[in-house]
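Welcome! Please take a moment with the sequence and the 3D view below before reading on.

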There are 2 protein chains.
Amino acid sequence: MPHDQMMTPQPSDALQARYGVRHETPSGWNPVIATLMSHRSVRGYLPDALPAGTTELLVAAAQSAATSSNMQLWSVVAVQDQAVRDKLAILAGNQKHISEAPLFLLWLCDLSRAERIGAQHGHPMTGLPFTETFMVGVVDASLAAQNAVVAAESLGLGTVYIGSMRNDPEQVAEILGLPPQTMVVFGLCVGLPDPQRPSAIKPRLSQSVVLHHERYNADHDAQGVQDYEDRFSAFQKAEGMPVAGWVSRVVDRLGSVAGLGGRDRMRTALTALGFPLK
Amino acid sequence: MPHDQMMTPQPSDALQARYGVRHETPSGWNPVIATLMSHRSVRGYLPDALPAGTTELLVAAAQSAATSSNMQLWSVVAVQDQAVRDKLAILAGNQKHISEAPLFLLWLCDLSRAERIGAQHGHPMTGLPFTETFMVGVVDASLAAQNAVVAAESLGLGTVYIGSMRNDPEQVAEILGLPPQTMVVFGLCVGLPDPQRPSAIKPRLSQSVVLHHERYNADHDAQGVQDYEDRFSAFQKAEGMPVAGWVSRVVDRLGSVAGLGGRDRMRTALTALGFPLK
């Protein structure tokens, strides 16, 4: 199985990479969970084309994910054209892995299909302009994309989500020829990881911070964040990155309007794209 | 592997169940893709408790999913208390599987942690009130939850997403003790499927409708939707459901404000919960 080429970690190693402490192998550990746990974002790709049928297999996995009331309010655009990938890489703030990876999947919140179905059957679709319906499309697209990611990784492929497709949603929509009521939620690079530029499993907040039992409880927050700050700094050091910690990254990103990198105008962009968010 | 107990279909059967036509087994088919492809929503559960450590294993899988800029803008509340599950089942419009399944996971878009981190470090987090940041939290929660679903299914467990946790988001927030800038995106039932009430793999739209190459192209829409209408009606008949087709369900749900089941007030609810969607 090509999957083995990704050097799937032993259970205890994977859990240590995420949480920084040794764990016994949990009961129930299996190849599926090993694939999930060994996820890392890949930003270095080989130029090799993907085997024939790969896109269709990833989309079959994506369509197998749940979708709200089976409405399937999402679509995906598969871009292979080098010139288009180069253009999108620039729009994403010069992320060269978009140019490198042979396949770039753009996941859409797509209410336009429901609009067309209504038009064909003479029903004005008055439920579409609502915030709720937009959320359904965003969630549908996300569940689908994550299944595609898991499928890709099981095939030995690497992926990385590209949120900066939201930097200029109108221009991305123009490039892809999107109809109104359709928007790119994020992109996804897919390709063979370059073994010369490996990426590591990234540590995450401890479960005491993220998992709440019965009711929300922030009592462990400060301690958990401090512990994570230490682990994340050690990770940055081990990876040869600037040791900036995690808190400063969160503050840089969310502590100012400038940190949103222009995406503070998302509301305006969504209105322009046909999502009034009533 | 308990996974086998779910009677994982043969590749050709799984693809036929989704798309209605025979397919050769795609190259690359593996146990991970088999798990993804055999997804079905489960609404009939045995009352059996889950093995110790299951919640933590699912959350470890969830935390292994990508998260935008590693900000981890999500949390999860694990509800096992029967009285609380009963209350949430009623709020969801009497969905008794929420009472039946031993574990109910509520997935949160959680900007409150970033707010607390900012407060602790003396930074007003002025990037939080934006539509973009809300979207990041919704996507983060969705990617995490989908990994948990895949992990659960690999363990032989069944799941079903509960979007109707958004019917009354303020009351759900009250029950779970959520702080401002936190909201339940959806719930997820987790439990052992009741073999007496099996669920089937649901057909989906053909890839010609959902997958676009290079640019968005709706040319195959009408034909693809008609083909799906026929397949979905045959599925309803085979499952002993009323044969209403798919188009009428989409129109019922999105063709009127009433079809949103009260969720037309989502914008107001989000404002009340601390998401002004600037």
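This briefing looks at how two chains meet. Please keep in mind that the model is predicted. In it, 122 residues of chain A are in contact with 122 residues of chain B.

**Extent of the interface**
- The size of an interface is often given as the accessible area lost when the parts come together.
- Here, chain A and chain B bury about 10,200 Å² between them, and carbon and sulfur atoms account for 63% of that area.
- On the chain A side, Glu214(A), Tyr216(A) and Leu254(A) supply 8% of the area that chain A buries against chain B, which is more than any other three residues give.

**Salt bridges and polar contacts**
- Between chain A and chain B there are 6 salt bridges.
- You can find a salt bridge where the side chains of Glu132(A) and Arg263(B) meet, at 2.8 Å from N to O.
- Polar contacts link 64 residue pairs between chain A and chain B, counting pairs with both residues at pLDDT 80 or more.

**What chain A brings to the contact**
- Helix α7 of chain A, residues 131-154, provides 15 residues to the side that touches chain B, the largest share.
- By type, the residues on that side of chain A divide into 68 nonpolar, 34 polar and 20 charged.

**Strands that pair across the chains**
- To see one of the partners involved, look at Leu211(A), whose bridge partner in β1(B) is Val76(B).

Conventions:
Residues are numbered from 1 along each chain as its sequence is written. Chains are lettered from A and ligands numbered from 1 in the order in which they are written. This is a predicted model: local features need pLDDT of at least 70, side-chain atom pairs count only at pLDDT 80 or more; totals for chains, interfaces and linings use all residues. Side-chain values use heavy atoms; hydrogens and water are left out. Contact means heavy atoms within 4.5 Å. Buried area is the accessible area (1.4 Å probe) that two parts lose on being put together, summed over both. A salt bridge is a side-chain nitrogen of Lys or Arg within 4 Å of a carboxyl oxygen of Asp or Glu. A polar contact is a pair of N or O atoms within 3.5 Å; within protein, one must be able to donate a hydrogen and the other to accept it, and residues adjacent in sequence count only if both atoms are side-chain atoms. Helices (H or I, at least four residues) and strands (E, at least two) are DSSP runs, numbered from the N terminus. Ala, Val, Leu, Ile, Met, Phe, Trp, Tyr, Cys and Pro count as nonpolar, Asp, Glu, Lys and Arg as charged, and the others, Gly among them, as polar. Two strands pair if DSSP finds at least two bridges between them.
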